[in-house]
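Good morning, colleagues. I shall take you through a few selected features of this structure, and I would ask you to keep the display in view as I speak.

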Amino acid sequence: MHQSTLTELSSALELKKISSEELTRMYIERCKKHNNSLNCFITISEESAIHKAKIADKKRASGDCTPLTGIPIAQKDIFCVNEIKTTCGSKMLSNFIAPYDATLVKRMDENGFIMLGKTNMDEFAMGSSNETSFFGPVKNPWNVSCVPGGSSGGSASAVAARLCPAATGTDTGGSIRQPASFCGITGLKPTYGRVSRYGMIAFASSLDQGGPMTQTAEDAALIMNVISGFDKHDSTSVDKKIEDYTKSLNNSIKGLKIGLPKQYFEENLNSEVADITEASIKELEKLGAKCIDVDLPNTELSIPAYYVVAPAECSSNLSRYDGVRFGHRCDNPKDLIDLYSRSRQEGFGKEVKRRIMIGTYVLSAGYYDAYYLKAQKVRQIISDDFKKVFKNVDILASPTTTGTAFQLNEKLNDPISMYLSDIYTVSANLAGLPAISIPSGFIDALPVGMQLIGNYFQESLLMNVAHQYQKVTDWHQKIPSGYQ
Amino acid sequence: MKWQTVIGLEIHAQLATKSKIFSGSSTLYGGAPNTQACAVDLGLPGVLPVINEQVISMAIKFGLAIGAEIPEKSIFARKNYFYPDLPKGYQISQFELPIVANGQIEIETEERKSKVIKITRAHLEEDAGKSIHGEFGNNTAIDLNRAGNPLLEIVSEPDMNNAKEAISYLKKIHSLVQYLEICDGNMQEGSFRCDANVSVRHIDEKELGTRTEIKNLNSFKFIESAINYEVSRQIDSIESGKRITQETRLYDPNKNETRPMRSKEEANDYRYFPDPDLLPIFISDEMKIKIKKQIPELPDEKRARFIKELGLSEYDSINLTINPDIAYYFEETLKITDDPKICANWIMGDLSAALNKENKNLKNNPVSSKMLGEMINLIKNNTISGKIAKIVFEAMWNGEGNAKEIIKDKNLQQVTDSKEIEKFVDEAINENKTQVDQYKKSTDEKKQKLISFFVGQIMKKSKGKANPSQVNQLLKNKLDD
């Protein structure tokens with residue numbers, strides 16, 4: 001049963017093949033069993049999950065339910081869940097019990113999902129390997145000496161190992177897609193503004209976007225139907241009608257025009273990943289899609305621009321963690337400055353501090369124009385490049401990452417090389433575009449992901465193409481050994 | 001050596017909304033600490049600000065009233081600094097592209113000349129909370145009820161040259177924001193406060209002198225004293241060969257002096273950048289037209305109209321338009337009775353005195369405009385005299401009913417029956433023969449004094465109720481007979 005997709009679980013519950021309580025207990029047992037080795041959960045909320053599962057069963061019995069009522073899922077520990085510890089992977093918030101639900105959490109709760117627990121992540125979502133978490137690194141179930149990717153590594157690892165059928169993630173520079181790729185699952189970063197950010201702990205506000213991490217594109221559509229849409233608590237959420245994302249999944253992709261950005265197939269790309277991506281694109285061509293090469297000439301500027309904008313926003317967003325009202329506070333501060341500096345010194349890890357320093361620097365008087373303003377201009381240029389390209393093509397296809405999951409500790413002390421692992425993913429964040437990563441093959445028993453980038457609010461097309469691909473391939477059905 | 005003072009003011013006017021600028025919490029003053037602070041005001045992880053649309057209209061209204069530009073696009077920025085009563089570690093304010101730019105207002109100088117003060121900008125921002133020292137031993141407590149209250153910061157050019165001009169400008173803005181109904185103007189509660197930038201220079205010097213900023217002044221009197229103190233401190237300092245340090249100073253009203261708070265070297269680099277959580281504000285011409293229609297008659301127009309149409313003196317007109325409550329009260333009273341001058345006298349006289357004495361205002365005033373108007377009508381139709389009216393007014397103030405009821409209850413109706421008055425006159429004449437003889441022999445001037453004496457006697461006998469003009473007439477007839 002634990003190998004089932006959301007779609008399958010929905011029908012099993014509907015047909016009373018299993019109760020929500022049984023299902024929940026089964027997944028909780030799996031979580032407890034495997035969490036020691038994988039470390040993908042920071043919190044397993046057994047008691048509240050079982051309590052809610054019992055309620056779900058009653059609701060199912062009375063008919064007061066949705067097709068999703070009673071299905072267990074996991075939440076990335078960046079989303080505030082009322083009365084549950086919400087740490088954001090940081091010592092700073094290791095004692096923080098959120099007093100409210102994030103909008104995404106509330107919507108999933110209202111639609112009947114049962115939360116099994118909170119997944120591990122890079123501290124404040126800053127990292128590409130899940131090694132910056134205060135709660136220790138997450139392991140990749142395909143090879144426990146490898147990283148699962150980050151920052152949503154806990155969610156990716158948990159879904160890959162089928163400790164939960166689906167989870168949520170957040171993506172600021174690739175934090176859903178890169179771990180999805182490394183762990184062989186499906187991960188969608190929606191258009192900026194499609195999913196409310198209220199209650200999602202901010203890293204870089206103009207780039208952050210929450211989304212589903214699932215086994216299939218079809219499951220992603222089910223979750224998107226629940227979490228997307230305008231939220232009056234988030235001014236940047238877009239007041240645009242939500243479509244039923246499941247409706248277009250089976251549309252034919254005959255005649256679809258796919259752009260292949262030249263710059264995403266150059267230099268840094270591992271040749272085996274290139275081969276696998278080309279083979280995947282061939283599959284799409286077999287389904288009737290037409291491919292053309294396109295130019296995104298400023299791709300190489302995306303990483304530098306991202307590493308100015310994101311740290312700038314993070315330096316300001318993380319100022320609230322000052323030891324005054326909540327979160328970590330140092331012992332016996334001798335004065336206010338001591339309270340601030342020691343609480344922050346003790347509460348934040350190395351990577352977070354590095355980014356706060358960079359961000360503070362680029363916003364400082366005398367440097368603002370040279371860094372922050374210039375980065376914003378680059379961001380505009382990158383968006384314009386995409387706009388131009390989308391005049392001629394429907395979607396873009398590329399590898400999600402340059403290679404497969406790297407070894408734990410391999411890049412931990414080499415931040416530049418770590419940052420470069422986001423080269424294919426950050427542009428979509430800078431431009432605010434939706435993008436999905438889907439399993440497309442394996443190299444040495446490690447998954448490879450293919451990225452599809454769509455035009456604004458074209459999530460349904462992305463999931464349609466991904467679903468059509470998943471109908472003719474089985475990469476997404478592979479489960480790492482030991483978790484089958 | 002001749003010195004010129006240069007003053008620029010930054011006014012913080014709290015906008016009169018029910019809820020905060022970026023959250024639904026109440027802005028009501030005086031709540032128990034931290035009872036009016038929600039997750040957003042506390043800056044909890046994950047919360048986001050949502051603009052209270054009302055503040056945008058209020059800022060635009062102010063901008064239109066000072067003839068300013070309202071740019072099509074305006075943005076919010078984060079002003080980053082650490083302070084315990086600033087929950088997010090940044091204040092949401094405006095830096096580039098403020099909502100109001102380049103306005104002006106006319107003030108009157110001490111020499112009663114008109115002078116234009118330019119207003120550089122007015123921008124929206126959130127207030128911080130309050131740090132409370134001294135109530136908890138060595139610890140500092142934080143009250144976040146005020147955090148997130150909407151403020152309009154109004155920044156003037158350094159166009160004022162003495163404390164009186166600064167006060168004149170402040171009073172003008174104070175009156176304006178109340179007329180526009182965008183701020184309650186309550187200075188004790190901090191709804192209207194100001195920082196003053198003060199510098200001095202030689203009269204023939206072109207460059208501005210080094211300025212100091214005096215923080216958080218919350219009464220006209222303190223502002224005037226603080227500026228005057230600061231100006232003489234700066235002049236003394238320069239004349240004794242010292243240099244002025246650019247710094248922030250705090251005014252101590254108890255000692256009437258300013259003291260340094262922090263110097264520019266220690267000042268923060270606020271690292272302003274556009275707030276990514278809030279979208280730019282776009283203001284259409286239609287919106288401006290709509291808001292412009294909501295602007296009521298403003299104090300200057302009202303004053304001119306009172307002089308021209310009601311024949312009031314300039315002095316009366318200024319006093320009756322100083323704030324919208326008094327103007328409204330006056331105009332409402334005039335709807336009941338039709339004598340502007342008597343209305344003005346009563347409002348600025350007995351009513352103002354009573355309000356001041358009991359520390360009340362026109363909102364909790366026990367004598368409504370209708371009650372006052374009716375009483376004035378009773379004076380005008382000779383039911384009571386002006387003197388008796390003072391008794392009636394006091395009784396109305398004490399809640400004893402309206403004028404008619406009080407006159408009836410206290411039997412204060414004026415005696416107009418000439419026979420009855422004649423009786424009082426005769427008695428007074430008979431009882432004061434000496435004065436009658438003196439009268440007959442006196443000059444006109446002396447006669448007038450004696451008439452007053454007799455009137456006094458008659459009024460005593462009638463308990464003030466005899467109609468004064470009838471008394472005068474009868475008395476003169478009898479004495480001159």
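Predicted model: local features only at pLDDT ≥ 70, side-chain atom pairs only at ≥ 80, totals over all residues.

The strands in question are β9 of chain A and β11 of chain A, which run antiparallel and are joined by five bridges. Strand β11 of chain A covers residues 446-454. β9(A) has a further partner, for β7 of chain A, residues 257-261, pairs with β9(A) in the parallel sense over two bridges. There, A:Leu396 of β9(A) is the bridge partner of A:Gly259.

Is strand β9 of chain A largely enclosed or open? Five of the five residues in this strand, residues 395-399, are buried, so the strand is largely enclosed by the rest of the structure.

Let me turn to chain B. In secondary structure, chain B comprises 16 helices and 15 strands. Its radius of gyration is 30 Å, whereas the globule rule gives 23 Å for 481 residues; the value is well over the rule, so chain B is more spread out than a compact globule. The C-alpha trace of chain B spans about 90 × 55 × 55 Å along its principal axes.

The domain assignment divides chain B into domain 1 (3-287), domain 2 (297-396) and domain 3 (418-480). Between the centres of domain 1 and domain 3 of chain B, taken over C-alpha atoms, the separation is 64 Å.

As for burial, 38% of the 481 residues of chain B count as buried. Considering contacts in chain B between residues at least 6 apart in sequence, 68% join residues at least 24 apart.

One helix of chain B deserves a remark. Helix α15 of chain B, residues 444-461, contains 18 residues and reaches 26 Å from its first C-alpha to its last, close to the 26 Å expected at 1.5 Å a residue. Following α15(B) comes B:Lys463, with a positive phi near 55°.

Finally, the contact between the chains. How many residues does each chain bring to the contact? Chain A contributes 36 residues and chain B contributes 23 residues. On the side of chain B that touches chain A, α1 (39-42) and β3 (77-80) of chain B each supply at least two residues. By class, that side of chain B has 14 nonpolar, five charged and four polar residues.

Thank you for your attention.

Methods:
Residues numbered from 1 in each chain as written. Chains lettered and ligands numbered in written order. Contact = placed C-beta atoms within 7 Å. Helix = DSSP H or I, 4+ residues; strand = E, 2+ residues; numbered from the N terminus. Nonpolar A, V, L, I, M, F, W, Y, C, P; charged D, E, K, R; others polar. Rg over C-alpha atoms; globule rule 2.2 N^0.38 Å. Buried ≥ 20, exposed ≤ 12 C-beta atoms within 10 Å, placed from the backbone. Domains from an automatic or database assignment. Pairing = 2+ DSSP bridges. Expected span 1.5 Å × (residues − 1).
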